[in-house]
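Please look over the sequence and the three-dimensional structure shown here.

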Amino acid sequence: MIHVAYGLYDKDGYYSKFTGTSILSMFENTSAEMTVHILHDNTLTQDNRDKFNFFAGKYNQTLKFYNVEILCKNKIAEIKKFFEGRVEKSIFSIATFYRLFITDVLDSDIEKIIYLDSDTIINLDIKELWRVELENKPLAAVTEISNDVPINHIPLCLAEVVKYENYFNAGILLMNLNRLKTENVLLQRGTKFIAENPKYVCFDQDILNYCFSQEYLKLPLKFNQFVKFERDKGEKFIQKKIYHYNARVLNLNISDIFNRLWLKYFAKTVWFNEETIGNIFEGIKKIYTEQKDFAIEISKNISGKTRAFFVASYNVEAVKEIFLFKNYEEIILEDSPDSLQRMVDSLNSPTKKFFFLFSDEYHKLKYILTRAGFKENEDFINGIKFFSDNDGRFIDSYSIIKRL
């Protein structure tokens with residue numbers, strides 16, 4: 001029996017389909033018997049719960065639900081108290097902590113489990129990951145450096161708390177539950193440390209790295225392949241991997257092989273129905289209207305300020321062309337080691353700047369900049385909102401997919 005866990009927080013009722021699509025992709029590619037454990041809270045509706053059960057039955061697989069809002073009430077209250085409202089204001093939901101509750105809610109006879117984020121497509125047989133020998137290591141994971149994540153995006157490494165080459169992504173984990181059950185004191189100490197240092201913004205991922213970065217098992221990249229990394233290097237073929245659509249890289253451009261891969265599995269779920277196409281149409285209309293109003297508002301806020309751009313090196317020429325770049329305007333390359341600090345220094349300079357940010361990590365950057373006292377739409381903006389592809393479709397169409 002293979003055991004897999006997901007954490008689910010679904011405030012508006014739209015997120016369950018991402019979890020469902022990930023689970024379905026795993027069922028499609030794995031014939032082994034599985035039990036999927038969904039750690040959720042009161043935001044899971046009965047309708048979505050029924051949908052999960054329906055397609056699990058179709059694949060002859062088992063689902064179990066755990067309401068952590070009830071089962072782990074005290075732990076959730078403690079975390080919210082520790083982080084003093086930071087979770088509510090961040091890009092992450094409280095569900096990011098649910099993977100830390102796995103040892104509290106699962107049966108004691110389950111010795112290990114695979115944890116998966118909902119924004120994943122399991123395009124391989126999950127038995128490959130399940131068969132990895134952990135020995136006595138607490139967990140196994142893929143390093144961030146394997147996916148070309150720059151060190152300036154990892155405050156825990158910039159502060160030299162964790163070595164850059166050891167920092168791992170917690171979106172896909174093989175967890176040794178027997179070992180982790182003995183580490184409650186260490187995890188509590190890690191939680192306290194991250195909570196007391198607001199510059200560490202990845203919460204549970206930083207907690208796990210603080211505790212285990214020196215003794216976990218490093219997994220091959222195929223078990224946590226960032227879609228952004230594959231796009232950046234121009235990959236043309238889908239392979240047998242676990243694809244991670246983190247940083248909202250999913251959109252409606254169907255010429256992209258990774259969007260098509262996600263949509264292929266989504267179309268097989270019970271969330272894809274007669275309303276889906278209508279929701280896409282309504283979403284596009286809404287975006288065009290918002291785009292017009294948004295542009296008018298930004299033109300007011302930018303008055304009297306100098307434009308500046310925060311962009312990856314491979315997008316510089318496109319930004320220059322689209323925005324009619326002037327030589328006196330500033331460009332900070334996202335992939336340079338000190339890029340974030342340079343942007344903060346520039347925003348603090350006597351010359352008033354307005355930054356357009358072109359980054360898949362926009363929501364993380366927004367959190368950091370607002371913590372530093374800057375305001376979205378007044379000091380900086382998500383520049384991707386101004387991009388469209390050759391066919392006129394907005395690249396930032398994640399919001400439409402979210403509401404399908």
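The explanation below moves from the whole chain to its sheets, its helices and a single residue.

The structure is a predicted model, in which local features need pLDDT of at least 70 and side-chain atom pairs count only at pLDDT 80 or more, while totals for chains, interfaces and linings use all residues. Residues are numbered from 1 along each chain as its sequence is written, and side-chain values use heavy atoms, with hydrogens and water left out.

The confidence of the model is expressed as pLDDT, the predictor's confidence in each residue on a scale from 0 to 100. Its mean over the protein is 88, and 89% of the residues reach 70 or more. Residues 389-394 stay under 50 in pLDDT, and for this stretch the model has twelve contacts beyond four places in sequence. A contact here means heavy atoms within 4.5 Å. Where pLDDT is low, the predicted coordinates should not be read in detail.

The protein has 404 residues, of which 53% count as buried. Buried means under 20% relative accessible area, exposed means over 50%, and partly exposed lies in between, computed with a 1.4 Å probe on protein chains only. Among the contacts with a separation of 6 or more, 74% are accounted for by residues 24 or more positions apart. The secondary structure comes to 18 helices and 14 strands. These elements are DSSP runs numbered from the N terminus: helices are H or I with at least four residues, and strands are E with at least two.

The strands can be followed through their pairing. Strands of a sheet pair through backbone hydrogen bonds, either parallel or antiparallel. Two strands are taken to pair if DSSP finds at least two bridges between them. Seven strands form an open sheet of mixed pairing, in the order β3-β2-β1-β4-β7-β6-β8. Its edge strands are β3 (62-67) and β8 (217-218), each of which pairs on one side only.

Within this sheet, β1 (residues 2-8) runs parallel to β4 and is joined to it by two bridges; Val 4 has Ile 114 of β4 as its bridge partner. Strand β4 (residues 112-116) in turn pairs with β7 in the antiparallel sense over five bridges. Ile 114 has Leu 174 as its bridge partner in β7, and Leu 116 stands opposite Ile 172 of β7. Strand β6 (residues 139-143) also runs antiparallel to β7, with four bridges joining the two. Here Thr 143 is partnered with Phe 168 of β7, and Val 142 stands opposite Asn 169. Both β4 and β7 are mostly covered: four of the five residues of β4 are buried, as are nine of the nine residues of β7 (168-176).

What surrounds Asn 176, leaving aside its neighbours within four places in sequence? This residue has its place in strand β7 and is buried, with a relative accessible area of 8%. Asn 176 is in contact with Glu 111, Leu 134, Glu 135, Asn 136, Lys 137, Pro 138 and Leu 139.

Helix α1 lies across β1, β2 (34-40) and β4, running at about 165 degrees to β1. Helix α2 lies across β1, β2 and β3, at about 160 degrees to β3. Axes are lines fitted to C-alpha atoms, for helices over the stretch in contact, and angles between N-to-C directions run from 0 to 180 degrees.

The axes of α1 (residues 16-29) and α2 (residues 46-58) come within 11 Å and cross at roughly 10 degrees. The two helices are therefore roughly parallel to each other, a description that applies to angles under 35 degrees, whereas angles over 145 count as roughly antiparallel, 65 to 115 as roughly perpendicular and the rest as oblique. On the α1 side the contact is made by Ser 16, Thr 19, Gly 20, Ile 23, Leu 24 and Phe 27, and on the α2 side by Asn 48, Phe 52, Phe 55 and Ala 56.

A further open sheet is formed by three strands in the order β5-β10-β9, again with mixed pairing. Its edge strands, β5 (120-122) and β9 (225-226), each pair on one side only. Two bridges join β9 to β10 (residues 242-244), and these strands run parallel. Phe 226 stands opposite His 244 of β10.
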